[in-house]
Amino acid sequence: MDKVKIALQYMLPKHLLSRLVGKLAASEAGALTTAAIKWFIKQYKIDMSEAAQSEPEAYKSFNDFFTRALKPGIRPINSAANIMVHPVDGAVSQLGPIKDGRIFQAKGHHYSSLTLLGDQAEDAKRFEGGDFATIYLAPKDYHRIHMPIKGTLSKMTYVPGELFSVNPLTARHVPGLFARNERVVAIFETDRGPLAMVLVGATIVASIETVWAGTVTPPTGKQVFTWDYPTVGPDAITLNKGEEMGRFKLGSTVVMLFAKEAIDTFAESVEPEAVTRMGQAFANIKDLPSAD
């Protein structure tokens, strides 16, 4: 059955299906929208007591519901200076060192950090010998993405690609999954060196948003697009630890890349399949060696 599920993903018109679902999710269909939201809440056992608006009728579209805000204070941010925090609610897929430009995906599968970052060679060099973490967001999870550490945006790259599902089953069977799906790469400059937040698209993920650019939708095609941002001055975009940086409209995955020696140790509870809650301790960090 697993082989059948994977084979179907290769055969399905994933982009067409995803765009169609995206249109439906953005529509404001009144009672039909409310009925779809109620079904989704029941199907995935979503705890609406955490939502800022707990009643399904409060949401005009399914996208509004899916990217719902949480009640203030429901996800307190660990404020310790030596702690990075989880950027999302989800579950750890994999984490560990970046070795020879390779990132571990699942047993028998690795992929290239260079490919993940859209073949931007200078960007990939900045993370050689560093660490990575991959976090999967299930349909039931809160789908806003937050900063694990304070950072200033320096670059964004849109990379076109496939739209395979990113669930654990697919990660075990589709080679180079996260480096072949459509994705948005945001690179931030932090006190501990560069940080890459890679927002990976997936089947029926209608779109990816960032707080500075809105929905990232370059023209259809195979071209990689990049945007550079000032890191000083009044136009610099700096986000604090725990501040929102983006959203998924329907579920997906975040891959984080860290500079060499930026992370001292991962938090004790952080391991593959561990549940994550935005704002809780993700890793202990230390100052990078000086350039001298």
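## A polar contact at K155

A polar contact is a pair of N or O atoms within 3.5 Å, where, within protein, one atom must be able to donate a hydrogen and the other to accept it. In this predicted model, such a contact, of 3.0 Å, joins the side chains of K155 and Q120.

K155 is found in strand 7, which covers residues 151–159. Because buried means under 20% relative accessible area, K155, at 14% relative accessibility, counts as buried. When neighbours within four places in sequence are left aside, the residues in contact with K155 include Q120 and D123, together with V185, A186 and I187, and also T226, W227, D228 and Y229.

Strands of a sheet pair through backbone hydrogen bonds, either parallel or antiparallel. Here, four strands form an open sheet in the order 6-14-10-11, and their pairing is antiparallel. Strand 6 (144–146) and strand 11 (214–215) stand at the edges, and each has a single partner strand, so one side of each is left without a neighbour in the sheet.

The pairing of strand 6 with strand 14 (residues 244–249) is antiparallel and runs over three bridges. Within this pairing, R144 has R247 in strand 14 as its bridge partner.

The loop between strand 14 and strand 15 (253–258) holds S252. At this residue, an unreviewed UniProt entry places the feature "modified residue: Pyruvic acid (Ser)", an annotation of a kind that may be inferred rather than shown by experiment. In the model, S252 has 0% relative accessibility and therefore counts as buried.

## F266 and its contacts

F266 lies in strand 16 (residues 263–266) and, at 21% relative accessibility, counts as partly exposed. Although F266 and A283 are 17 residues apart along the chain, their C-alpha atoms are separated by 4.0 Å. A283 is also one of the residues in contact with F266 once neighbours within four places in sequence are left aside, and the others are L95, G96, D131, F132, F282 and N284.

## Positive phi values in two loops

Where does K45 lie? K45 is placed in the loop between helix 3 (31–44) and helix 4 (62–66), and its phi is near 55°, a positive value in a residue other than glycine. With 72% relative accessibility, K45 counts as exposed.

E273, in the loop between strand 16 and strand 17 (275–276), has a phi near 80°, which is likewise a positive value in a residue other than glycine. At 71% relative accessibility, E273 counts as exposed.

Terms used: Residues numbered from 1 in each chain as written. Predicted model: local features only at pLDDT ≥ 70, side-chain atom pairs only at ≥ 80, totals over all residues. Heavy atoms only, no water. Buried < 20%, exposed > 50% of the residue type's maximum accessible area, 1.4 Å probe, protein only. Contact = heavy atoms within 4.5 Å. Pairing = 2+ DSSP bridges.
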